[in-house]
Amino acid sequence: MWFTCDKDILQEAINNVQKAASTRTTYPILEGILIKAYNNRVIFTATDLDLGIETYIDADVHENGSIVVNSKLFGEFIRKLPNASVTVKMENNSVYITCQKSEFAMLGNNPDEFPQLPAINENSMYEISQDILRNMIRQTIFAIAQDETRPILTGVLFEVRDGKLSFVALDGYRLALKTCDIDSRNNISAVIPGKTLNEISKILQPTQDMVKITFTPNHILFNLGNTKIISRLLDGEFINYRQIIPDEYRLRAKVNVNELMSSIERASLLAREGRTNLIKFDIKNDGMVITSNSQMGTVYEEVSIELEGEGLRIAFNSKYFQDVLRIIDAEEVYLEFSTSVSPCIVKKCDSNDYIYLVLPVRLVENS
């Protein structure tokens with residue numbers, strides 16, 4: 001194997017596939033990147049057996065061949081090279097990298113020992129732009145469960161029904177639902193691991209270039225053109241989220257996102273000191289008062305609202321509100337309530353493509 005290419009192109013390819021390389025394994029080959037060079041194309045592959053990423057670049061291939069190199073060491077050295085042409089050459093079981101006055105040699109591994117990625121037939125697929133997919137991940141991924149007690153909740157539900165694509169994430173305390181139109185009559189329901197979507201979101205670009213998505217009973221394939229990401233799907237039945245979202249509300253407050261976010265951020269400073277992250281909403285006709293207190297002191301914030309319905313006192317974990325206000329792409333939102341012990345629904349005022357549900361914290365005075 002012997003090829004030459006620009007350092008920036010090589011580094012981007014390595015950065016993408018590195019996301020699938022294993023860092024903790026009893027199978028050392030999984031810590032590597034498989035490099036194959038032929039016909040003026042170099043293919044890079046990494047996998048931890050749950051997630052696999054393959055990408056290719058065009059290069060001047062002087063000699064065909066393949067080898068596995070340590071992902072971390074190879075990537076670090078390439079990253080620190082000057083922005084110039086890089087030559088990668090294999091002799092026997094070693095890889096030699098040269099760039100201007102820099103030379104580096106490292107031992108490689110037998111490419112025959114590297115596991116193959118699952119073969120997936122791409123006849124039936126869904127298509128969505130990178131920008132939309134990136135946004136759907138961003139607006140749901142934060143609400144997945146962080147512990148493994150219910151593994152199915154560590155993923156995001158990918159559901160296509162009646163020409164609508166829905167991403168749903170929930171952790172038992174809050175739920176995030178993002179929808180968009182999709183040109184497909186094929187309905188599907190599958191749960192994608194949160195880790196997979198986190199890594200994909202780092203590769204996706206804010207462009208209208210299309211991503212082709214293909215499913216098998218056990219895997220999902222994202223095809224970005226020169227990069228393919230293959231992941232196992234999570235086993236199990238996802239919660240029927242439609243039963244969780246209330247159809248009606250007793251009061252609704254319209255509020256500016258930035259104003260609400262600033263007030264909650266200030267109130268949460270003391271809420272964190274109290275180790276409960278507890279903030280209280282006192283909703284009245286003339287506005288909403290947000291308070292928090294701890295042994296260190298108290299915070300009092302007034303927020304302007306437009307109210308429909310009667311007032312209410314209710315409390316929340318401040319983190320759950322901050323998480324959604326950071327990512328919701330709207331100037332104003334509706335907060336919908338029923339009772340002081342029922343979920344609050346957050347919706348955009350100008351669109352119905354996003355719903356966020358958060359459970360309140362029961363106050364002693366409400367019991």
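**Two loop asparagines**

N92 is found in the loop between β7 and β8. (Helices, H or I with at least four residues, and strands, E with at least two, are DSSP runs numbered from the N terminus.) A quick word on what you're looking at: this is a predicted model, where local features need pLDDT of at least 70, side-chain atom pairs count only at pLDDT 80 or more, and totals for chains, interfaces and linings use all residues. Residues are numbered from 1 along each chain as its sequence is written, and side-chain values use heavy atoms, leaving out hydrogens and water.

*Task.* Work out what the phi of N92 is, and whether N92 is buried or exposed.

*Solution.* Start with the backbone: N92 isn't a glycine, yet its phi is positive, at about 55°. That stands out because most residues other than glycine have a negative phi. Next, check the surface: N92 has 78% relative accessibility, so it counts as exposed. (Buried means under 20% relative accessible area, exposed over 50%, and partly exposed in between, with a 1.4 Å probe and protein chains only.)

Now try N40, in the loop between β2 (32-38) and β3 (41-47). N40 is not a glycine either, and its phi is positive at about 60°. Its relative accessibility is 43%, so N40 is partly exposed.

**The sheet around β7 and β8**

*Task.* Find the order of the five strands in the open sheet, then say which helices lie on β7.

*Solution.* Step one: read across the sheet and you get β5-β1-β7-β8-β9, with antiparallel pairing. (Two strands pair if DSSP finds at least two bridges between them.) Step two: look at the ends. β5 (60-63) and β9 (102-107) each have a single partner strand, so one side of each has no neighbour in the sheet. On average, neighbouring strands here are turned by 15° against each other, direction ignored.

β7 (residues 85-91) and β8 (residues 94-99) are held together antiparallel by five bridges; V88 has I97 in β8 as its bridge partner. α1 (residues 7-18) lies across β1 (2-6) and β7, at about 100° to β1. (Axes are lines fitted to C-alpha atoms, for helices over the stretch in contact, and angles run from 0 to 180 degrees between N-to-C directions; contact means heavy atoms within 4.5 Å.)

*Solution.* Then follow the chain to T154, in the loop between α3 and β11 (155-161). With a relative accessible area of 13%, T154 is buried.

P206 is at 52% relative accessibility and so counts as exposed.

**Aromatic rings**

*Task.* Which residues join F158 in a ring cluster?

*Solution.* The cluster holds Y126, F158, F167 and F215, linked by ring pairs. (Rings of Phe, Tyr and Trp, the last by its six-membered ring, pair if their centres lie within 6.5 Å; planes under 30 degrees apart are stacked, over 60 edge-to-face, the rest tilted.) Take F158 and F167: the ring centres are 5.5 Å apart and the planes sit at 55°, so call the pair tilted. Both residues are buried. The whole structure has 11 aromatic pairs.

**The partners of β19**

*Task.* Which strands pair with β19 (residues 278-284), and over how many bridges?

*Solution.* One partner is β23 (residues 312-317), antiparallel over six bridges, with F281 bridged to I314. Another is β20 (residues 287-294), antiparallel over five bridges, where K280 stands opposite T291. β19 and β20 make a hairpin with two residues between them.
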